[in-house]
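I opened the model to look up a helix, a chain and a loop residue. The entries below follow the order in which I consulted them.

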Amino acid sequence: MPRLGNRRTMIVLAGLIVAANGFFPALWILFTSFKTEAELMRVPITIWPAAPTFENYVRVFVDQPILRFLFNSVAVAVLSTLLCVSVSSLAAYALVRLRVPGAGVILSILLAIAMFPLISLMTPLFQVMRDLGLLNTWWALVFPHAVLSMPVCILVLISFFQDIPRDLENAAMIDGCTRLGALWHVVIPLTAPGVFTAAILAFVNSWDEFLLALTLSPRVASRTLPVGITLYQGEFSFPWPIISAALVVAIVPICIVIALFQERVVSGLTSGGMKG
Amino acid sequence: MSTIKHRLTPLERSERRLGFAMLAPAFLLLAAVVVYPIADLIRASFTFLHLAQPWMGNPFVGFDNYAKALGDERFLEAVWHTVLYVIVTVPGAVVVGLGLALLANKPFTIKWPVRLGLLLPWALPLVFSGLIFRWFFEYNQGIANAILRGLGFAPLNWLTDPTLAFLTICLAIIWKASSFVALVLLAGLQTIPKSYYEAAEVDGASAWQQFREITLPMLRPAIFVALIFRTITAIQTFDIPYAMTNGGPGNATETLAMYIHKTTVDFLDIGYGSALAVLMFIVSAVITSGYLRYTRRDPGRH
Amino acid sequence: MEHGLLRRSMATFGLAAALTLGGATLAAAQTTLRIFTGGQQRPDVMRQIVDVYMKNNPNVKVDVEVGGATSEQQQQYLNTVLASKDSALDLVLIDVIRPAQWSAAQWAEPLDTYLGAEKDAVMARYLPAYRAANIVGGKVIALPYFADAQFLYYRKDLLEKYGLQPPKTWDELKAAAQKIMAGENNPNLRGFETAGAPIEGTVCTYLVPMWGAGEDLTKDGKLNLAGDAAKKPFALWADLKAANVTPPNLAEIPTDRIRQNFQAGNLIFAMTWGYVWNRAQNDADSTVKGKVGVVPLPGFTADKQATCIGGWQVAVSAFSKNKAEAAKLARFLSSPDVSKMQAVLASHLPVFPAVYEDKDVLAANPWFAQALPVVQAARSRPVTPRYTEVSEIIRTNMNAFLAGTKAADAALADMNGRLGAIFR
């Protein structure tokens with residue numbers, strides 16, 4: 001019994017470390033969002049807000065249409081994630097399982113595009129999106145974001161697909177499944193954690209992305225959150241309390257949704273796959 | 001990737017066709033979005049193109065821009081700083097990320113706070129992560145110096161001393177990047193069958209032995225993915241030093257990506273900036289192909 | 001409050017909007033103009049201003065596009081749009097340091113033909129520094145929208161308490177700061193701050209003392225770093241640091257941190273831009289309300305006081321499809337009426353000397369009376385198409401010097417070498 005108790009303490013401690021690492025700046029932001037700017041300037045510094053105020057949250061909603069930005073960001077991130085993960089799954093599967101000649105070269109080309117600094121590609125990219133008539137729409141970001149995440153998604157998926165024994169697929173195909181059927185019914189469910197990781201990476205990459213969003217979709221109707229939040233900033237001033245409140249409004253719900261969703265979907269998918 | 005030539009069976013031929021069909025969407029997407037920009041970048045790198053000097057036109061100058069880069073002290077310093085960031089933050093993020101993933105893989109009754117703790121650094125936009133760490137390390141209002149003062153030490157110039165500035169930037173990068181690594185590794189950990197550990201437990205293997213004999217080998221592909229991407233992103237390090245020190249003091253913490261940004265966005269020297277970007281690409285490509293070769297030679301698959 | 005101001009402005013300017021509305025139905029082709037402004041140049045006020053314009057010009061529709069918050073974010077976007085010769089933007093607000101670059105890049109439509117015979121008369125009305133900044137190679141590249149300048153902010157209460165006058169020289173400033181710091185015995189109170197981080201404002205940290213020694217970075221188009229004046233800024237900042245008048249972390253201080261420290265009551269003197277006065281005076285959490293004074297920045301002698309100008313200009317994009325209409329709007333945005341409207345609604349410093357004396361403007365901003373002489377004496381940073389490079393060379397060297405990683409001689413030698421290649 002004492003050993004078990006010990007073990008539980010260790011587990012709780014492990015969880016605390018992981019949570020603390022992630023939560024530390026997040027909590028800092030949370031506390032800051034209830035402070036006044038004067039309190040931030042106080043020496044010695046305070047951690048807990050001395051006189052909590054909701055003023056910053058009011059300003060967040062009054063100054064900018066933050067919910068619109070939030071909606072745009074979610075839409076762009078979801079669409080580019082769907083696009084990226086589906087395209088990447090097909091490509092990764094083809095590279096791992098089907099006898100595509102020159103798979104190594106193809107993989108290298110895919111990876112190579114991830115190595116060009118985005119900043120240098122900005123002007124021609126703008127011209128491409130303008131010629132396609134996509135500027136200031138979600139699509140101006142959905143396609144490039146999908147491309148940005150594609151290399152990492154393909155790599156993640158390859159490393160997971162490689163671990164699935166061929167026999168499982170062959171069995172499914174003997175049962176009358178096509179290749180694509182086997183991918184969909186056997187490989188994807190079995191590699192759910194991998195697919196899910198790829199999806200989270202693609203989602204967060206898009207969610208995070210600033211430079212493209214600033215240049216290709218700058219107008220309010222399609223503006224995303226990272227660009228929107230910087231607008232609370234002034235030429236000189238960086239109002240941390242308001243920006244913190246905006247970050248809390250924007251980021252915390254998304255993280256909670258991903259965390260809950262991940263648990264449900266992953267466990268659902270894996271157990272489903274095992275049964276099938 | 002077998003190199004033995006043999007006749008393709010009809011099944012193999014149809015699989016190959018299907019393979020190409022499955023790769024087509026990825027290549028279509030690339031063709032639509034980045035092929036032209038990359039071609040344009042490479043073309044520009046062989047020309048003189050300075051937007052503030054339009055009367056000079058856009059003449060072909062051969063390798064002049066590349067030659068200029070090799071004699072540009074600022075560029076060489078930026079390359080050196082970038083290499084240092086890679087050397088410190090890639091292993092740093094992978095080790096910390098592995099630690100976080102192992103910790104997060106414990107059987108928690110309530111999982112979501114742990115997951116959330118993993119996701120938050122990743123989800124906090126890069127620009128703001130840098131700004132928050134800058135704030136932590138500010139001389140007067142920063143928490144780092146508050147702790148030092150509380151312990152009775154003299155406060156440090158975290159952001160204006162070249163060595164300390166480099167280290168605090170590395171800390172911020174590792175914090176941000178380790179959550180990405182942990183997410184990838186955690187997914188890898190979840191695919192390791194529990195039965196392996198149960199069997200090892202029966203054999204009386206210690207926790208360390210289990211880690212070395214089961215976890216690490218099984219995680220190899222995931223660690224490889226994390227390493228390769230961490231390396232590519234480390235070579236492109238921009239936002240965090242930009243927010244924390246803007247390259248200062250002087251240009252002591254300036255990275256290659258920051259120098260390229262300055263050259264193209266501020267100085268409008270597109271030709272030279274493009275050549276720097278191509279050089280940066282070559283550096284990443286050399287490192288990445290090294291990784292790829294290493295893993296392809298590695299038969300350690302199960 | 002915003003509404004109150006709006007109503008006041010409507011009354012002030014006596015807009016007879018309804019009179020012109022009747023004709024709108026007959027308006028033929030509607031022109032849509034798009035103007036780009038940064039998030040910090042009060043786009044809300046800009047919208048009120050263009051509303052006035054639209055009411056008087058029913059055939060024109062003006063969209064205000066708000067870009068990134070900082071000058072750099074805006075430039076990132078504008079570079080892309082303009083390098084693509086895109087016609088999406090008709091007018092752009094640009095920083096006072098940009099006209100030479102925009103002129104060289106041929107991004108701005110010169111406005112001379114649109115001003116016609118009135119050109120000289122129109123330009124003569126502006127503050128001299130703005131006239132100079134917007135005419136490049138004899139051509140009008142942009143029209144001033146609002147002014148800004150660096151001021152010496154000081155704590156009126158503290159200077160009075162110790163029987164001191166606002167300093168006119170750096171020596172007086174140092175002595176005053178030391179006297180007050182010794183008397184107050186408050187460990188958080190510092191004498192003086194200016195921008196020291198590697199940012200644009202740090203260029204002024206070098207230039208202002210150089211001007212204060214009676215010289216400029218260039219002389220007749222040639223680099224002028226050989227004399228003693230070029231060393232003065234280094235000596236000054238080293239001296240103030242050694243005397244503990246400036247904080248040990250000056251090299252990490254960005255612009256707004258100066259305001260925050262001043263507002264928190266931790267500074268006696270501050271060298272910073274015009275926006276600080278209103279924040280220090282009106283912010284709910286300011287601890288220095290009613291205790292703020294502004295004067296010109298000191299020189300090394302009282303007759304050589306000088307200040308850096310800032311401010312924003314309206315340029316017409318060379319790629320606009322409606323240049324004539326855009327130029328008309330630019331002239332309106334750069335008119336005394338709009339300057340006054342901005343002063344009342346946004347406390348933006350006017351670009352016309354006369355507007356500083358307007359009684360509505362003074363009622364809203366009593367301190368503009370003291371601001372006028374400062375802005376009138378303000379000077380431009382070097383006017384060159386390669387200003388961004390010049391700026392970068394000065395600020396990185398200054399920052400390295402302030403951080404203590406580069407000696408004054410080494411910094412000056414580096415500036416000489418690299419600036420010398422630009423000012424040949």
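Entry 1, a helix in chain B. The model is predicted. I looked up burial in α5(B) and found Leu126(B), Phe128(B), Ser129(B), Gly130(B), Leu131(B), Ile132(B), Phe133(B), Arg134(B), Trp135(B) and Phe136(B) buried. I noted that the helix spans residues 126-136 of chain B and that 10 of its 11 residues are buried, so the rest of the structure largely encloses it.

I found 21 helices and 14 strands in chain C. I then read a radius of gyration of 22 Å for chain C, close to the 22 Å from the globule rule for 424 residues, so the chain is as compact as a globular protein of that length. Along the principal axes, the C-alpha atoms of chain C fill a box of roughly 70 × 50 × 35 Å. I recorded that 54% of the 424 residues in chain C are buried. I also looked up contacts between residues at least 6 apart in the sequence of chain C, and 72% of these join residues at least 24 apart.

I located Arg386(C) in the loop between β14 (378-379) and α20 (387-403) of chain C. Is Arg386(C) buried or exposed? I found 23 C-beta neighbours inside 10 Å, and because the cut-off for burial is 20 or more, Arg386(C) counts as buried. Leaving aside neighbours within four places in sequence, I found Arg386(C) in contact with Ala52(B) and Ile422(C). Lastly, I noted that Gly137(C) lies 249 residues from Arg386(C) along the chain, with 15 Å between their C-alpha atoms.

Technical notes
Residues numbered from 1 in each chain as written. Chains lettered and ligands numbered in written order. Predicted model: local features only at pLDDT ≥ 70, side-chain atom pairs only at ≥ 80, totals over all residues. Helix = DSSP H or I, 4+ residues; strand = E, 2+ residues; numbered from the N terminus. Rg over C-alpha atoms; globule rule 2.2 N^0.38 Å. Buried ≥ 20, exposed ≤ 12 C-beta atoms within 10 Å, placed from the backbone. Contact = placed C-beta atoms within 7 Å.
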